[in-house]
Every structure is written in C-alpha cells, then in structure tokens.
Amino acid sequence: MSTNPDVANAIAAAGRDLNSRGLLASYEGNISVRLDSERLLTTPTGVHKGRLDPGEMVVVDRRGAAIGGGQPSSEIKLHLAIYEEREDAGAIVHAHPPTATGYAVAGKELPRAALAETVAMFGCVPVAPYGTPSTEALADSVREPIRTFDVVLLANHGAVTVGADLEQAVERMAQLEHFAHIALVAHLLGGAHSFSPAQVDELSRLRQSAGAGPVPSACYPAADESGNITLTRKELVGLIADAVRRIR
Ligand SMILES: [Zn+2]
C-alpha cells in the first residue's frame, strides 16, 4: 500500500488535466490504475474531476468491492472488464471528449486510414455498441474491441482508453480528441482522403518498428474510401476477357 499516495496524487493530477483540457466536464468520467494483480485504485463516484482529493481515491478488488471505505466510480464494471481483457493495461481513462463523442453520438465512424500518426499509433478507433452507463451491458460491449484496440468510442456515450501507465491513457484520450477535431475539419472541407492499402502497410511497418502490433485488418480503407480495389490475377484476366468479348 506504500505506493498508493503517489498513485492517488497522480490520479488527482490526471483528473485536473482532463478537466482543464476539456476532455470531460465536471463530474463526468473516471480514472483507474492497476496497483497489483488483485487491486485497483479508482476515482470515487460523483466527484468533480477537476477537484479530486487524493485522499478520496478508492481501492477495489477484482470483483469491484471497495477495500476500506469510499464508493468507487459508477463505471467500475467497465474498468474491471477491460483489466480482465488486457493484462498489459496499467491504467484506464473514461471520458467524454466532445468532438470524438460527437462522432459516437452521430453514429459516425472516425475516418479509417486517414491520418498518418493515428494509423501508426491507434490503428483505428472502433465504436463499441451502446450499453447503459454503469451496467454490465456497457462493460461487455467493450470486451471485444478493447482486446485489439487501445482507444475505443462508446456509442452514444463517450470514449475509453487504456495505457501501460496513467500518462499514456490520458494522452491517448487527448490524441483521440485531436484526431476527431482534424477529422471534423476534413469533413467540412469535403471529406478525408484515405490512404491506399500499400500506404497503410508502410505505416504498419512503422508501428511495428516502435514495438506495437501490426495495423489490424479492420483499419484498412474500404475499397470505396481509397478508390482502390484488390483483384486476383484470375479475376483481372476474367474482367479484361469479358470487356474484349463485349467490344467484339
Ligand atoms: Zn461516461
């Protein structure tokens, strides 16, 4: 328990940071850090994230039961589900960044394969199906996407990020919002221009050279996004033969 005060101070600082950067408002959102294989430290429920008191943080066990007073975040089920799916997760941030959440509320996917750094860092950003906040349904909705992705939008709700540590989880939330802002500007200017699959391959190699996994196949542009299609040699020969037959 000796490291708890440091971790509690770091969570309070992260809350102020998220609040001052407009990534959540007042009482919204929640933060947790894995203390060890059995325990998490989380923000308490119903407190202003810009005014967190380190002394109020709540230690919970793997089932979400508070160890020694305080009531944990209302989204503790969401955090527990993610730690269960991701052994590598050291910290989790749930927030409502306004531009990215706008996409999740509008039911619009953030453009895939459109911004170099986002592809290299996140692959892409999936949207988990809607689940009522604080319920098992919301927790279950993120299990599948969070196995592959570090940043997930929650339909009609917000976003969640995981990090090896708290700073990484917070910065991923900030990067998500920055990307969503760029995507919105690109949309206003006529729409994002997607990479070709070969360009995504190059970004995937860049990502792997930094120690991450390859860009997941779900992040490659759909044929109609890049304007490119992929055919086998046999399909191409068949199409040409068909066209020649029609000319004759
Ligand atoms: Zn929320």
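**A residue and its surroundings**

Modeller: Arg 172 is buried, because its relative accessible area is 14% and the cut-off for buried is under 20%. Please bear in mind that this is a predicted model.

Colleague: Which helix is Arg 172 found in?

Modeller: Arg 172 belongs to helix α6, which covers residues 166-188.

Colleague: And what does the side chain of Arg 172 make a polar contact with?

Modeller: The partner is the side chain of Asp 150, at 3.4 Å.

Colleague: Let us change topic. How is the protein divided into domains?

Modeller: There is a domain 1, spanning 4-188, and a domain 2, spanning 197-247. Their centres, taken over C-alpha atoms, are separated by 33 Å.

Colleague: How many residues are in contact between domain 1 and domain 2?

Modeller: On the side of domain 1 there are 11 residues, and they are in contact with 11 residues of domain 2.

Colleague: What area do the two domains bury between them?

Modeller: Domain 1 and domain 2 bury about 910 Å², and 63% of this lies on carbon and sulfur atoms. Of the area that domain 1 buries against domain 2, 51% is supplied by Arg 112, Val 119 and Ala 120, more than by any other three residues.

Colleague: Which helix gives the largest share of the side of domain 1 that touches domain 2?

Modeller: That is helix α4, residues 116-122, which contributes 5 residues. By class, this side of domain 1 has 8 nonpolar, 2 polar and 1 charged residues.

Colleague: One last topic, the backbone. What is the phi of Ser 26?

Modeller: Ser 26 has a positive phi of about 45°, although it is not a glycine. Ser 26 is found in the loop between α1 (4-20) and β1 (30-34), and it counts as partly exposed, at 30% relative accessibility.

Colleague: And what about the phi of Asn 156?

Modeller: Asn 156 is not a glycine either, and its phi is positive, about 55°. The loop between β6 (151-154) and β7 (158-163) holds Asn 156. With a relative accessible area of 48%, Asn 156 is partly exposed.

Notes
Residues numbered from 1 in each chain as written. Predicted model: local features only at pLDDT ≥ 70, side-chain atom pairs only at ≥ 80, totals over all residues. Heavy atoms only, no water. Domains from an automatic or database assignment. Contact = heavy atoms within 4.5 Å. Buried area = accessible area lost by both parts, 1.4 Å probe. Helix = DSSP H or I, 4+ residues; strand = E, 2+ residues; numbered from the N terminus. Nonpolar A, V, L, I, M, F, W, Y, C, P; charged D, E, K, R; others polar. Buried < 20%, exposed > 50% of the residue type's maximum accessible area, 1.4 Å probe, protein only. Polar contact = N/O pair within 3.5 Å; in protein donor to acceptor, adjacent residues only side chain to side chain.
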